[in-house]
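Hi,

Here is the structure I said I would pass on.

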Amino acid sequence: MLDIVEYDTLIPNNVSLSSDRRVLKALEKWHPGYINWWNDLIPRQFQESLVYLRTAVSVDPKGWAKFDYVKMPEYRWGILLAPQVEDRKIPCGEHAGEPAWQEVPGEYRAMLRRLIVIQGDTEPASVEQQRHLGLTAPSLYDMRNLFQVNVEEGRHLWAMVYLLQKYFGADGREEADDLLRRQSGSEEAPRMLGAFNEETPDWLSFFMFTYFTDRDGKMQLEALAQSGFDPLSRTCRFMLTEEAHHMFVGETGVGRTIQRTCEAMKEAGIEDPYEIEKIRALGVIDLPTIQKKLNLHYTLSLDLFGQEVSTNAANSFNAGIKGRYMEHRLDDDHKLQSDSYVVWQLEDDKPVQREVPALTAINMRLRDDYTRDAAGGVSRWNKIIEKEGINFEMKLPHESFNRKIGVFSDKLFNPEGKLVSGAEYDQGAKNWLPTHADGDFIQSLMKPCYEPGKYASWIASPKVGIDNKPGDFEYVKLHMA
Ligand code: BYC
Ligand code: FE
Ligand code: FE
C-alpha cells in the first residue's frame, strides 16, 4: 500500500507530517538554516536560473518523479519513504526473523544514530565539494545534471534529518544542526569521512566522483536498506531510486570524455595514447591522465568502506542494524556465527588473502561487492576505446594502492599491488596519480559552454537527452546578473 503524499505542505512528505506536530515543528525550525546553507553555497546567478529538474512526488516505482523548470531554492525537498512491507522481519544478526523495529531499539540507539549521522554528513558534503562547478559547465545538459545530483543529495540530507528529528529526540535535533555546521574541507569542523573533504576541482573529477563515490553511497544505502530498523530501511530504499541517476551521470560523463579524446586522436592521426603533449594540444584530456583520475577516485572511495576487519561492522550486522548487499537473496543463516570470509592482510609486507570470521569482515565483503559493481563501467569505457581502434585499457588499480584506511594504509604500493620503496613511489607517483600540472591542464579546458546543444572541446555530446528532450533543449535558462 502506498502512503498518501502530502504535497501542498512546506515539506512534501508521505509520513503524515501534518498530524505529527512535534516533528513538523522541529523540521520547520531546521528548514531556514537549510535554505541559508543552500543560498550561501551555490553561486548567486544559479539560484535565479530556471533548471529543468525532476522532483520526487511519489514513491510509486512507475511514476515517482515529475520534470519541470524550477529555481533551485524553490525545489521541493520532500521526505519520502518506500512503502512499508507488511510483516517485515529483521533480516540478519542475532534477532533475525523477529519483527522489524518500528521504533529505535534502546540497546542499539547510539550505534544507529552514529550510522545515520555519518550517512547524513556525506550528502551536504558532496554539494559543498561541487559548489563551483556550475561556473565551468561544459554544456547546459551537464549543468542540469550537476544541479539534479545536488538537489537530490540535499533531499538525502533531509531524509536523514527526518529520522534524527523523529526518532532521536533532543540529541537527534543537535545532530541535525551539526550536519549544517560541519563543512567539507574545513579545519575546525570537517566532514566525517576522508573522501568528503577532498576537492572536486574540475568536471572530470565530478564524473569520477559520481561514478565511484556515489557508488559507495549506493552500496552503503543497500546495506542500510537491509536494516531491521524499518524507517531507516524504507528511507534508504527510496533514496536508491535517485542514486541510479547519479552513477549514470558519472559513467556517461567519463565515457563521453574518453569518446571525445579518441575521436580527436583519430582526426589528428595520433595512434600512440602516450603522445601526451600532442593530444593535449587538441583540447582533449589524454587517456593516461583519465586513468590517473580513476586511480585517485577509486582508491579514495575504497577508504569509505572502513577497515577490512572491523568490530564496529560486526556489531552492527549482529544487531540487525546494517545488513549485507542483497542480504535477502543470500543463501545462508544470516547470522554468520561460524562462517569465514577471505580478507587482504599484510604478511612480510606482501598483500595476502586470509580467512577470518565472516562477522568481522562485513566491510570487506561490501567493498568486494562494490569493486565488482564498479568494474562494469570500466569495461564499458574500454569498449569505447576499442571501438575507436586505440590501443589503451583503463584498469582499476590494486586495492593496496594509495590507501589511507585499512591494512594497506601505512605502507606504499604501486597500482599493481607491489610494495615499493619511498624512492620508487616518488618516482612512480607522477604516472599513477594526477599531478598539479595535470590539474592545471585540465583546469585550462574548463571553459563554460552555455549555448543550448553545444559542448566544450573535451567532451562528446550525450546519446540521448534527459526526459527524451531534443539535442538543443535549453536545460537551464540562465539568469546571469
Ligand atoms: N574516513 O571499524 P571501522 C554517500 C573511522 S557515501 C574517516 O572500519 P566502521 C554519498 C570509523 O568511523 C556513503 N574515518 O569503522 C556519496 C571508526 O571511527 P570510530 C556514506 C573513517 O564503522 C556521494 C574508525 O575509523 N554512508 O552516501 O566499521 C555523494 C574505525 O573504522 C573512515 C556510510 O558510510 C574514513 N573513510 O566503518 C553523496 C554508511 N573509515 O567510530 C553521498 C554509514 C573508517 O572508531 N557508515 N573511519 O571513532 C558506516 O557504515 C561506517 O561508519 C563506515 C566505517 C563504513 C563508514
Ligand atoms: Fe546521496
Ligand atoms: Fe548520490
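Predicted model: local features only at pLDDT ≥ 70, side-chain atom pairs only at ≥ 80, totals over all residues.

Below is what turned up, starting with the ligand.

Residues are numbered from 1 along each chain as its sequence is written, and chains are lettered from A and ligands numbered from 1 in the order in which they are written.

**Around the ligand**

Ligand 1 has 24 residues around it, and the closest are Gly217, Gly306, Gln307, Ser310 and Asn312. (A residue counts as near if its C-beta atom, placed from the backbone, lies within 6 Å of the molecule.) Helices H3 (109-129), H6 (203-225) and H10 (311-319) each put at least two residues into this shell, with H3 giving the most, 6 residues. Helices here are DSSP runs of H or I with at least four residues, strands are E runs of at least two, and both are numbered from the N terminus. By class the shell splits into 7 nonpolar, 12 polar and 5 charged residues; Ala, Val, Leu, Ile, Met, Phe, Trp, Tyr, Cys and Pro count as nonpolar, Asp, Glu, Lys and Arg as charged, and the others, Gly among them, as polar.

**A loop residue to look at**

Ile405 sits in the loop between H11 and H12 (422-432). What does Ile405 touch, leaving aside its neighbours within four places in sequence? Its contacts are Asp303, Gly306 and Gln307, where contact means C-beta atoms, placed from the backbone, within 7 Å. Ile405 is partly exposed, because 17 other C-beta atoms lie within 10 Å (20 or more would be buried, 12 or fewer exposed, in between partly exposed, with C-beta atoms placed from the backbone).

Most residues other than glycine have a negative phi. Ser16, in the segment before helix H1 (21-41), has a positive one near 50°. Leu336, in the loop between H10 and strand E3 (340-347), also has a positive phi, about 60°. Are these two buried or exposed? Ser16 is exposed, with 12 other C-beta atoms within 10 Å, whereas Leu336 is buried, with 23.

Cheers

Note on methods
Contact = placed C-beta atoms within 7 Å.
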